[in-house]
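User: Hi! I'm new to this one. Could you walk me through it?

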Amino acid sequence: NGNSISVYEVCNILEKRIIGTIEMSEQIKNNCKVSQEVNFWADMTKTKNMLNWSPKMSFEHGIDRYIKF
């Protein structure tokens, strides 16, 4: 969807969604904090042009659906 998200944000989203299910280890939390300035995003231009496809939901909504699956 053109929005970037940091590794730290992904860790926080996952932790909020799965609280009570598993507990993140301190090592994972520390690695996420170290990586908080690292951002990843995909350029979906080629996918949209070749396959006429683009994401229809947010990252958070996709995570929620995945966890429920």
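**A first look**

Analyst: Happy to! Met50, Leu51 and Trp53 make a nonpolar surface patch of about 390 Å². Patch members have over 30% relative accessible area and no salt bridge, with like charges joined within 9 Å and nonpolar side chains (Val, Leu, Ile, Met, Phe, Trp, Tyr) within 5 Å. This is a predicted model: local features need pLDDT of at least 70, side-chain atom pairs count only at pLDDT 80 or more, and totals for chains, interfaces and linings use all residues. Residues are numbered from 1 along each chain as its sequence is written, and side-chain values use heavy atoms, leaving out hydrogens and water.

User: Where does Met50 sit, and is it buried or exposed?

Analyst: Met50 lies in helix H3 (residues 45-51). Met50 is exposed, at a relative accessible area of 62% (exposed is over 50%, buried under 20%, partly exposed in between; 1.4 Å probe, protein chains only).

User: And Cys11? Buried or exposed?

Analyst: Cys11, found in helix H1 (residues 7-17), is buried, with a relative accessible area of 11%. Its C-alpha atom is separated by 9.6 Å from that of Asn31, 20 residues apart along the chain.

User: How many helices and strands are there?

Analyst: The protein chain has 4 helices and 2 strands, in the order β-α-α-β-α-α. These are DSSP runs numbered from the N terminus: helices (H or I) of at least four residues, strands (E) of at least two.

User: Where is confidence lowest?

Analyst: In strand S2 (residues 39-40), with a mean pLDDT of 62, while H3 is highest at 86. pLDDT is the predictor's confidence in each residue, from 0 to 100.

Notes. Accessible areas come from the Shrake-Rupley method with a 1.4 Å probe; for residues, only the protein chains shown count as cover. A salt bridge is a side-chain nitrogen of Lys or Arg within 4 Å of a carboxyl oxygen of Asp or Glu.
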